[in-house]
Amino acid sequence: MDYNQASGLISVIVPTCDRPDLLLKAIDSIFLQSYRPIEVIVCDNGLVPLNREALNLYNIDYYYIAPRVGASKARNFGVERSKGEFLAFLDDDDTWDRDFLHLMMKKLVENRLDCVYGSKFIKNNGVVKKYKSIESTDLTLDVLLFSNPGVGGINLVVKKKIFSSIGGFDASLPRGNDRAFTIDLILNGAKIGVEPEARAIMLHHNGPRLRDSHIEMLLWLKKYRRHMSNYSFLISFIKILIASVIVKSRNLFSN
């Protein structure tokens, strides 16, 4: 299958949780893509269902699931109802550049890959700056078990067949599930590539982000302990504790 024959085979899954205004910006960036997906599936796990009138302008499939089940369960729920051969994921507080899907699919199909990661940027007060750009040399267990070089759901396109074979995102992990997904891909022999020109953009805002919570990473550490050296495990454990203390101290003094 060449790149042109792959046109229209992407399903985009959007988990959302009580961010209606930001969600509309995310959806706008999907429908502005130069490479259009066959469907957009919004999985709402907020405390209050979205106002459907705001979504009537878009041709999307909307599901309201159990509140606060987390992004992983919401993503997996959407995948189960998807029709595409390829999957892309966009969080409700992020956007894509116009050619994101075009560049990702071109890289994936022409190189016969199972999965492709793009670059992460962050937008603050209208200014877009690079956040993390993955190198092909970063996609190893040695790197990913020690740190996150920039893998995430929002800068990922993956074959649905591969996604399903590893069980999707691990919903038992409250944090670190994006990095866990990449590790599981590697452990299952997936062919992974990078496309640095494809930009996923995180929107800076005052609301909470999942990465602000650190102590939950101990569950992640437990899952992959057998793949880590004693040194990597100890350093990772210390980093988690220090990060957790810093966040709690910051919250204490800001109140």
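**Close-up 1. Cys43 in the predicted model is a buried cysteine**. The relative accessible area of Cys43 is 0%. Its sulfur lies 12 Å from the closest cysteine sulfur, that of Cys17, which is too far for a bond.

**Close-up 2. Cys17 is a partly exposed cysteine**. Its relative accessibility is 23%, whereas Cys43 has a relative accessible area of 0%. The closest cysteine sulfur to that of Cys17 belongs to Cys43, at 12 Å. A disulfide is a covalent bond between the sulfur atoms of two cysteines. Because a disulfide requires two cysteine sulfur atoms within 2.5 Å, the 12 Å between the sulfurs of Cys17 and Cys43 is too far for a bond. The structure holds zero disulfides.

**Close-up 3. Strand β8 pairs with strand β4**. Strand β4 covers residues 86–89 and strand β8 covers residues 156–159. The two strands are antiparallel and are joined by three bridges. Ala88 has Val157 of β8 as its bridge partner.

**Close-up 4. Strand β8 also pairs with strand β6**. Strand β6 spans residues 115–124 and runs antiparallel to β8. Three bridges connect β6 and β8. Here the bridge partner of Cys115 is Val158 in β8, while Val157 of β8 is the partner of Ala88.

**Close-up 5. Thr95 is a buried residue of strand β5**. Strand β5 consists of residues 94–96, and the relative accessible area of Thr95 is 12%. Neighbours within four places in sequence are left out of the contacts listed here. Thr95 is in contact with Lys25, Ala26 and Ser29, with Leu90, and with Ala200, Ile201 and Leu203.

**Close-up 6. Val128 is a partly exposed residue of strand β7**. Strand β7 comprises residues 127–132. With neighbours within four places in sequence set aside, the contacts of Val128 are Phe121, Ile122, Lys123, Arg199 and Ile201. Ile201 is also among the contacts of Thr95.

**Close-up 7. Val128 and Phe163 are separated by 30 Å between their C-alpha atoms**. Along the chain the two residues are 35 residues apart. Val128 belongs to strand β7.

Technical notes: Residues numbered from 1 in each chain as written. Predicted model: local features only at pLDDT ≥ 70, side-chain atom pairs only at ≥ 80, totals over all residues. Heavy atoms only, no water. Buried < 20%, exposed > 50% of the residue type's maximum accessible area, 1.4 Å probe, protein only. Helix = DSSP H or I, 4+ residues; strand = E, 2+ residues; numbered from the N terminus. Contact = heavy atoms within 4.5 Å. Pairing = 2+ DSSP bridges.
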